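The text below follows the structure shown here.

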Amino acid sequence: DLDDTITRLIAYRDAGAEVLYAPGISDLNQIEILVQAVGAPVNVLAFPGGPTLAELEEVGVRRVSTGGGPAKVAYGAALFSVRHLLSEGTAWGDYGFSGEDRDAALDDR
């Protein structure tokens, strides 16, 4: 319930919280209402099909968490590779993380 969430986050803010976490709200309009109502930095949970980072930034969200999403993607890739090995009898092909991908991800930009 949005009203209950706003009441709870205002209580956390008044108790000294510097960032308020609202992981259960996924509707962009509700997120915008919440951000305006609490008057402190808000953190939300990113999820597939949810608002984009740009949309969240536009309505005032200051922090975005990923939860277990990246781990689920990694486990899915591991499962894919094992299934391919069992069904095809060979390695999984060119779907892995290349050295170039690793270098780009670790590049200090």
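How much space lies in the largest pocket? The largest pocket holds about 180 Å³ of space. A pocket here is an open set of points, on a 1 Å grid over the protein atoms alone, with protein on both sides within 12 Å along at least five of seven lines, whereas a cavity is a set of points where a 1.4 Å probe fits but cannot get out. Lining residues have an atom within 4 Å of a point. Grid points are joined across faces, edges and corners, and a volume is the space filled by probe spheres set on the points.

The model is predicted: local features need pLDDT of at least 70, side-chain atom pairs count only at pLDDT 80 or more, and totals for chains, interfaces and linings use all residues. Residues are numbered from 1 along each chain as its sequence is written, and side-chain values use heavy atoms, with hydrogens and water left out.

The lining of the largest pocket consists of Leu45, Ala46, Phe47, Pro48, Thr66, Gly68, Gly69, Pro70, Lys72 and Val73. Helix H4 (residues 69-88) contributes the most to this lining, with four residues. Helices (H or I, at least four residues) and strands (E, at least two) are DSSP runs, numbered from the N terminus. By class, the pocket lining has six nonpolar, three polar and one charged residue; Ala, Val, Leu, Ile, Met, Phe, Trp, Tyr, Cys and Pro count as nonpolar, Asp, Glu, Lys and Arg as charged, and the others, Gly among them, as polar.

The structure also holds one cavity of 30 Å³ or more. About 40 Å³ of space lies in the largest cavity, and its lining includes Ile25, Ile31, Val44 and Leu56. That lining has eight nonpolar, two polar and no charged residues.

Turn now to the sheet. Three strands form an open sheet in the order S1-S2-S3, with parallel pairing; two strands pair if DSSP finds at least two bridges between them. S1 and S3 are the edge strands, each pairing on one side only. S1 (residues 20-21) pairs with S2 (residues 42-45) over two bridges, and Tyr21 has Asn43 as its bridge partner. Three bridges join S2 to S3 (residues 63-65), where Arg63 stands opposite Asn43.

How are the strands connected? S1, helix H2 (residues 28-38) and S2 make a right-handed β-α-β unit, and S2, helix H3 (residues 53-58) and S3 make a right-handed one as well. A crossover is right-handed if, with the strands pointing away from the viewer, the path from the first strand over the helix to the second runs clockwise.

The largest nonpolar core has 16 residues, and those with the most contacts inside it include Leu9, Ile31, Leu34 and Val44. Helix H1 (2-14), H2 and S2 each give two or more residues to this core, and H2 gives the most, with four. Such a core is a set of buried Ala, Val, Leu, Ile, Met, Phe, Trp, Tyr and Cys residues joined through side-chain atoms within 4.5 Å, where buried means under 20% relative accessible area, exposed over 50%, and partly exposed in between (1.4 Å probe, protein chains only).
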